[in-house]
Amino acid sequence: MGNRDVSIDMCKGLGMLLVVLGHLPFLFCSVIYSFHMGFFFILSGWCFSDRHLQNGKGYFFSRFIRLFVPYLIMRIIAKLAEFLEGGKEAFEQYHLIGTSWFLVALFGLSILSWFAIKVVKRFEANIWILPLLFFGLALAFDLLDVINITIIFSLSTWCYFTFYFLLGYCLKNKCSDITVYKALDVSKYILLTGGLLVLILAKGFIPTTINDCTSISFLPYAITTIIGSYITLSLVLYLKEKNVFCDFLSLIGRNNMSILLLQWPCISLIEYLFVNEYLGLTNPTLITIAKFLSAISIPVILSCSFDVLKNRIKR
């Protein structure tokens with residue numbers, strides 16, 4: 001815990017709050033969707049360490065356990081639920097549920113990025129060639145439409161995801177201190193205000209989700225993702241400087257995977273218990289607040305309780 005970067009945890013925490021808000025009837029959902037998942041891919045690339053290049057098997061195994069196994073568990077539970085409710089046809093129908101697509105996407109692009117970085121390091125080439133290469137491949141695969149291979153996602157989508165991961169990796173290699181990317185005091189408010197305006201204006205010109213992007217929207221989505229990520233980072237660094245909500249955002253960030261996995265069940269639970277069955281809430285604002293609080297608090301409480309239990313067993 002002592003080696004963790006608090007700024008990164010806070011970025012993950014604020015990003016996860018945006019993810020949950022994006023899944024609720026929130027006023028600025030379309031603005032959130034214009035950058036938040038790309039922001040998480042960038043953070044994942046930032047967290048990639050060169051020491052992983054020395055132990056590929058260990059890295060692959062850790063990614064498999066942390067990302068792919070939870071994805072499989074969610075798929076099995078979902079298929080069982082579909083089978084019980086919709087019969088064999090629903091059981092056999094393949095589709096991603098909730099936020100589980102992010103798990104399998106991050107697993108795949110982590111492995112792909114490992115090999116790409118390994119090759120570039122091997123030939124001592126400039127690492128900035130990697131995000132440019134994968135952005136170009138994403139465009140090529142989508143425009144040419146020569147290789148129609150879909151492994152959960154299309155090849156162009158895989159390359160587009162990987163572009164963001166490698167962008168985060170390159171930014172960290174340029175300077176490992178994330179605070180250097182904070183805007184200069186003189187231009188900070190102009191940049192943040194202008195960036196927010198761009199996000200609001202661009203919301204109607206890009207897909208609602210990153211995995212729906214095509215060659216036409218690759219560049220606009222990349223621009224809004226970079227702007228949104230910059231705004232989010234600036235806000236995090238400002239809060240850290242003022243020592244406001246630091247512990248709260250860090251706690252959310254450290255438990256972001258639990259929130260990612262459990263937010264939809266928690267939202268559904270609130271919908272069932274407090275809206276339909278018992279309280280019969282009709283105020284949409286109260287319903288949204290209840291769903292938001294449950295999607296954040298329940299996964300964090302469960303995760304922290306599990307950590308406490310695990311530590312006691314080790315003793």
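The legends below describe an overall view and close-up views of a predicted model.

**View 1. Overall fold of the predicted protein.** The protein comprises 13 helices and two strands, assigned as DSSP runs (H or I, at least four residues, for helices; E, at least two, for strands) and numbered from the N terminus. Of its 315 residues, 45% count as buried, that is, under 20% relative accessible area, with exposed over 50% and partly exposed in between (1.4 Å probe, protein chains only). The accessible surface is about 17,300 Å², with 67% belonging to carbon and sulfur atoms (Shrake-Rupley method, 1.4 Å probe; for residues, only the protein chains shown count as cover). Residues are numbered from 1 along each chain as its sequence is written. Local features need pLDDT of at least 70 and side-chain atom pairs pLDDT 80 or more, while totals for chains, interfaces and linings use all residues; side-chain values use heavy atoms, without hydrogens and water.

**View 2. Helix 1 and its start.** At the start of the helix, a side-chain oxygen of Asp5 comes within 2.9 Å of the backbone nitrogen of Ser7.

**View 3. Nonpolar surface patch including Leu72.** Phe61, Phe64, Ile65 and Leu72 together present about 360 Å² of accessible area. Such patches join nonpolar side chains (Val, Leu, Ile, Met, Phe, Trp, Tyr) within 5 Å, from residues with over 30% relative accessible area and no salt bridge (a side-chain nitrogen of Lys or Arg within 4 Å of a carboxyl oxygen of Asp or Glu). Leu72 belongs to helix 4 (residues 56-86) and is partly exposed, at 35% relative accessible area.

Technical notes
A polar contact is a pair of N or O atoms within 3.5 Å; within protein, one must be able to donate a hydrogen and the other to accept it, and residues adjacent in sequence count only if both atoms are side-chain atoms. Patches are made of residues with over 30% relative accessible area and no salt bridge: like charges are joined within 9 Å, nonpolar side chains (Val, Leu, Ile, Met, Phe, Trp, Tyr) within 5 Å.
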